[in-house]
Amino acid sequence: MKRILFMVLNNLIFVPFAWCKLCYYAAHVDKYTEEQHYKMLSYIVYRANKGGRVHIDVHGQENIPKENGFMFFPNHQGLYDVLALVAACPRPFSVVAKKEVKNIQFLKQVFACMKAYTLDREDVRQAMQVIIDVSNEVKNGRNYIIFPEGTRSKQGNRIGTFKGGSFKAATKAKCPIVPVALIDAFKPFDTNSIKPVNVQVHFLEPLYYEDYQKMKTTEIAELVHDRIQKVIDENEDRV
């Protein structure tokens, strides 16, 4: 966590103002539009990255659907993943996160601003309700991220198994599925270093409903997994 301290030290004047603003936005979610929340979060992430010597290398923004109501499915490397996606994506989105992270300071406020859902993987009824709620919101034009591994891989740029159930919200919403390859996103917060780091975010070609409507969710999961791993294998040594 050295880099978080480094980010703070290099933004000493900005941090008190940003923290107060973030907490205020989080406590008054309905006072601001989703675009206003996202603009505020994007600027905080920009300052944090600049202070923490984190560079975001973005590829494939043209693959983000033109119309809202889509879902991102990235590999999950660490606590920094959502911030990398905020830095890389010009369009507002929300996230479905596991309940274990909902009380981590800063992430707690970020998720509140995003009106994010937290998922209790041990409560089947609650998990199903989250799937229904997210699919309805996507139908109404909100964008979401779900990490189909369910937890951090802890294997660097090697990704774990993608769970078919993670794609149920997308199949119910019949929305575009956008695979996202994260490379070296574990380095900012999950390594004990403050060396400059380059995090790659690759937005891959989306799967539209007509592409996957006849597939089982386990088959979709395997396809998305393999596409992401292929991009990681081709690009992880890029400087």
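Helices (H or I, at least four residues) and strands (E, at least two) are DSSP runs, numbered from the N terminus. The model is predicted: local features need pLDDT of at least 70, side-chain atom pairs count only at pLDDT 80 or more, and totals for chains, interfaces and linings use all residues. Residues are numbered from 1 along each chain as its sequence is written, and side-chain values use heavy atoms, with hydrogens and water left out.

Figure 1. The C-alpha trace spans about 55 × 45 × 35 Å along its principal axes. Of the 239 residues, 51% count as buried. Here buried means under 20% relative accessible area, exposed means over 50%, and partly exposed lies in between (1.4 Å probe, protein chains only). Contact means heavy atoms within 4.5 Å. Of the contacts with a separation of 6 or more, 75% are between residues 24 or more positions apart.

**Figure 2. Strand β2 covers residues 71-74.** In a regular strand the side chains alternate between the two faces of the sheet. From β2, M71 and F73 point one way, while F72 and P74 point the other way, and all are buried. Two strands pair if DSSP finds at least two bridges between them. Strand β5 (residues 144-146) runs parallel to β2 and is joined to it by two bridges, with Y144 of β5 opposite M71. Strand β6 (residues 177-183) also runs parallel to β2, joined by four bridges, and here P179 is opposite F73.

**Figure 3. S94 lies in strand β3, residues 94-98.** The relative accessibility of S94 is 0%, so this residue counts as buried. Leaving aside neighbours within four places in sequence, S94 is in contact with M114, K115, A116, R142, N143, Y144 and I145.

**Figure 4. Helix α5 spans residues 107-114 and is largely enclosed by the rest of the structure.** Six of its eight residues are buried: L107, Q109, V110, F111, C113 and M114. Their cover includes α2 (14-27), α3 (34-52), α4 (81-88) and β3.

**Figure 5. K115 and R53 are residues with a positive phi that are not glycines.** R53 is in the loop between α3 and β1 (54-59). The phi of R53 is near 60°, and R53 is partly exposed at a relative accessible area of 38%.

**Figure 6. Aromatic rings form pairs and a cluster.** A pair of aromatic rings is described by the distance of the centres and the angle of the planes. Rings of Phe, Tyr and Trp (its six-membered ring) pair if their centres lie within 6.5 Å; planes under 30 degrees apart count as stacked, over 60 as edge-to-face and the rest as tilted. By this rule the count is 13 aromatic pairs. One of them joins Y24 and Y32, edge-to-face, at 6.5 Å centre to centre with 75° between the planes. Y24 is partly exposed, with a relative accessible area of 35%. Y38, F70, F72, F93 and F203 form one aromatic cluster.
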